[in-house]
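I opened this notebook to record what I looked up in one structure. The entries follow in the order in which I made them.

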Amino acid sequence: MGRERDGSTADFFEGRRSATLPLVYSDTVRVAAGEHAGRTGAVVAVVDGEPTLCYVVEMGSAPLGDITVPVDQLELLTG
């Protein structure tokens with residue numbers, strides 16, 4: 001999936017957002033662009049997609065399962 005970015009794992013799971021980590025564990029998001037645009041899900045992991053930060057989003061329905069989406073294609077709905 002990629003490597004963790006600058007010690008962000010603890011911040012991610014503890015809910016500490018920053019300019020470089022705009023989404024955290026369990027945030028509800030909408031996919032705003034790309035193949036899955038319009039779908040919603042929950043953020044479950046953060047990965048470094050070099051050069052773009054990516055998140056694993058649990059879609060909660062078959063057949064999608066979990067998808068990896070660049071941060072610039074996600075919109076925070078609740079946090």
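**Entry 1: fold.** I noted at the outset that this is a predicted model. I looked up the secondary structure and found 1 helix and 5 strands in the protein chain. Along the sequence, I read the order as α-β-β-β-β-β.

**Entry 2: totals.** The protein chain has 79 residues, and I recorded 29% of them as buried.

**Entry 3: core.** Which residues have the most contacts inside the largest nonpolar core? I found Tyr-55, Val-57 and Leu-74, in a core of 14 residues. Strands S1 (28-31), S2 (40-48), S3 (53-58) and S4 (66-70) each give two or more residues to this core. S3 gives the most, with 3 residues.

**Entry 4: Tyr-55.** I listed the contacts of Tyr-55, leaving aside neighbours within four places in sequence. Among them are Phe-12, Leu-21, Pro-22 and Leu-23, as well as Val-43, Ala-45 and Val-46. The list also includes Ile-67, Thr-68, Val-69, Val-71 and Leu-74.

**Entry 5: Glu-50.** I located Glu-50 in the loop between S2 and S3. Is Glu-50 buried, partly exposed or exposed? I classed Glu-50 as partly exposed because its relative accessible area is 47%, and exposed requires over 50%. Finally, I noted a separation of 10.0 Å between the C-alpha atoms of Glu-50 and Pro-70, which are 20 residues apart along the chain.

Methods. Residues are numbered from 1 along each chain as its sequence is written. This is a predicted model: local features need pLDDT of at least 70, side-chain atom pairs count only at pLDDT 80 or more; totals for chains, interfaces and linings use all residues. Side-chain values use heavy atoms; hydrogens and water are left out. A nonpolar core is a set of buried Ala, Val, Leu, Ile, Met, Phe, Trp, Tyr and Cys residues joined through side-chain atoms within 4.5 Å. Buried means under 20% relative accessible area, exposed over 50%, partly exposed in between (1.4 Å probe, protein chains only). Helices (H or I, at least four residues) and strands (E, at least two) are DSSP runs, numbered from the N terminus. Contact means heavy atoms within 4.5 Å.
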